[in-house]
Amino acid sequence: MRLLRYLIVSGSAAAMAGAVTLSGVTATTVAAPARAGHAPSARFLAEARTALVHYLHHNHPQAMLVPTGRAHAVKGVTAARAFNWSGYADATSTKQTFTKVSGAWTTPSVTCNAEDQITSNWVGFDGFGVKNFTNATVEQLGTISWCFQGTPTYFTWYEMFPNGTVEVGTTLKPGDKISASVTRTGTSYALKLTDSTTSGNNISVTKTCALATCKAASAEWVSERPSFSIGIVPQAHYNAFKLTSGAQTSSGKSGTIGTGPGVNAITMIDATQTYNLNTVSALTGGNSFSTTWKNSY
């Protein structure tokens, strides 16, 4: 219940105020509490961030893919749509194909309003939901830019099945230069993130996962609005996300995005499947692309 103090899922604020009439009977709902007119205290913000990470830990699913429909095709790759992702994914139906994924980006700033919103940028394995693989494992790490009660906050994180999201660095700032990678050697996964601008945000951990559990069948470079069991958080209005130095190693061969098997360009769409929340550019040099914010939900 504590989480409800901190997170507002898309549309919930409107649903909490006013009245509805069913068969002549009026049921009045309780109005949402007014937000404070000042920034939350550091302690309150830390508590909120802890609650967010705890919830991500237990409720962070893979890509929520939908039929291709009217997705804008990017030349040379397969167009895909998702409710919670935009970016690129190389994917195959063969287990243990990928041994490394990496990329670099500049932490995007976010423009905040009264609504709680999030954008997360990361690289990793196994989130694309490869057909015929029913496991929900992810091995990934990156940055989060979060609007909480009108105040932007930023941190680095990693997620390694089965332990979920772990918050690491809370001194992250917009404009910080990030490089990140996940490297698999057999059942061992080395997750590394370097913030070359601000100290205290680096990640360097090694975890293990059985071959039968973590399939290593997809590699991803993603901008995400996190999705939970109760819905998807609105996407924060970010200034820019450009991934550079995108690379992967598959079947023993090193290459850029798309030189592995089954490259997909993923467009984030709204719940009605009518309009885009993000658009994704074509690849530049095989290793760079950008996503552009269009809407929050």
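Is Gln117 buried or exposed?

1. With a relative accessibility of 3%, Gln117 counts as buried, where buried means under 20% relative accessible area, exposed over 50%, and partly exposed in between (1.4 Å probe, protein chains only). This is a predicted model, in which local features need pLDDT of at least 70 and side-chain atom pairs count only at pLDDT 80 or more, while totals for chains, interfaces and linings use all residues. Residues are numbered from 1 along each chain as its sequence is written, and side-chain values use heavy atoms, with hydrogens and water left out.

2. Gln117 lies in strand S8 (residues 117–125); strands (E, at least two residues) are DSSP runs, numbered from the N terminus. The side chains of Gln117 and Ser296 are joined by a polar contact of 3.4 Å, that is, a pair of N or O atoms within 3.5 Å, of which, within protein, one must be able to donate a hydrogen and the other to accept it, and residues adjacent in sequence count only if both atoms are side-chain atoms.

3. S8 runs antiparallel to S9, to which 9 bridges join it, and two strands pair if DSSP finds at least two bridges between them. Ser120 has Ile144 in S9 as its bridge partner, and Ile144 in turn stands opposite Phe155 in S10.

4. Strand S9 (residues 139–148) is largely enclosed by the rest of the structure, because 10 of its 10 residues are buried. S9 also pairs with strand S10 (residues 151–160) in the antiparallel sense, over 10 bridges; their hairpin has 2 residues between the strands, and Gln149 takes a positive phi near 50 degrees there.

Note on methods:
Helices (H or I, at least four residues) and strands (E, at least two) are DSSP runs, numbered from the N terminus.
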